[in-house]
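Trainee: I would like to learn how to read the packing of a model. Please start with the core and then go on to helices.

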Amino acid sequence: IENVSKVFESGEGKEDVTALKDINLTIETGKFVSFVGPSGCGKTTLLRLIAGLIKPESGKIDTSNKIVGIMFQEPRLFGQLTALQNVMLVMKDKASKYERAIQLLQAFGVLDAADKYPEELSGGMAKRVSLARAVAYNPDILLLDEPFSSLDINLKLKLIKTFNLSYYE
């Protein structure tokens with residue numbers, strides 16, 4: 001990330017909002033990085049820029065032609081698909097799709113909800129299905145926007161240990 005700035009136009013005579021200004025960052029392959037700061041400081045904007053969902057006003061972001069996946073703050077599950085189908089939807093390997101999706105749902109503690117639709121899931125369950133789907137996509141770069149919000153502390157700790165995110169401990 002080189003000299004990246006992002007401005008959101010407010011319109012209607014209001015002042016534009018500078019979300020990010022002259023951001024520089026290099027992340028080495030294989031590293032786990034967290035962006036920490038108060039609400040509204042630009043963390044989600046930076047993730048959306050890295051994912052290519054929005055464009056910066058200036059600067060450049062080089063993901064070296066890597067496949068980028070993102071999990072948003074809200075689950076964004078497809079309502080017409082079950083939890084299992086939502087996870088399988090993003091998987092590339094057709095042969096082992098079902099088995100891998102089942103493994104991920106089990107790892108995230110929502111295997112019992114595999115046949116449920118998003119409206120039948122609690123907020124925490126929907127969040128875990130969304131997280132399982134993000135992992136199932138198997139991107140080179142995985143962007144997670146508040147992946148453990150709305151999960152109880154015991155479940156957070158279990159998932160952190162399961163996926164070796166020891167920086168939280």
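**Core and helix packing**

Mentor: The largest nonpolar core has 27 residues, and Leu84, Val87, Leu105, Phe108 and Val129 have the most contacts inside it. Such a core is a set of buried Ala, Val, Leu, Ile, Met, Phe, Trp, Tyr and Cys residues joined through side-chain atoms within 4.5 Å; buried means under 20% relative accessible area (1.4 Å probe, protein chains only). This is a predicted model: local features need pLDDT of at least 70, side-chain atom pairs count only at pLDDT 80 or more, and totals for chains, interfaces and linings use all residues. Residues are numbered from 1 along each chain as its sequence is written, and side-chain values use heavy atoms, without hydrogens and water.

Trainee: Which elements give two or more residues to this core?

Mentor: In soluble globular proteins, nonpolar side chains tend to be buried together. Here the contributors are α2 (83-89), α3 (97-107), α4 (123-136) and α5 (153-162), where helices are DSSP runs of H or I, at least four residues, numbered from the N terminus. The largest share, six residues, comes from α4.

Trainee: How do α3 and α4 pack?

Mentor: Two packed helices are described by the angle between their axes and the distance between the axes. For α3 and α4 the angle is about 135° and the axes are 9 Å apart; axes are lines fitted to C-alpha atoms over the stretch in contact, with angles from 0 to 180 degrees between N-to-C directions. Arg100, Leu104 and Leu105 of α3 meet Val129, Ala132, Val135 and Ala136 of α4, contact being heavy atoms within 4.5 Å.

Terms used. Buried < 20%, exposed > 50% of the residue type's maximum accessible area, 1.4 Å probe, protein only.
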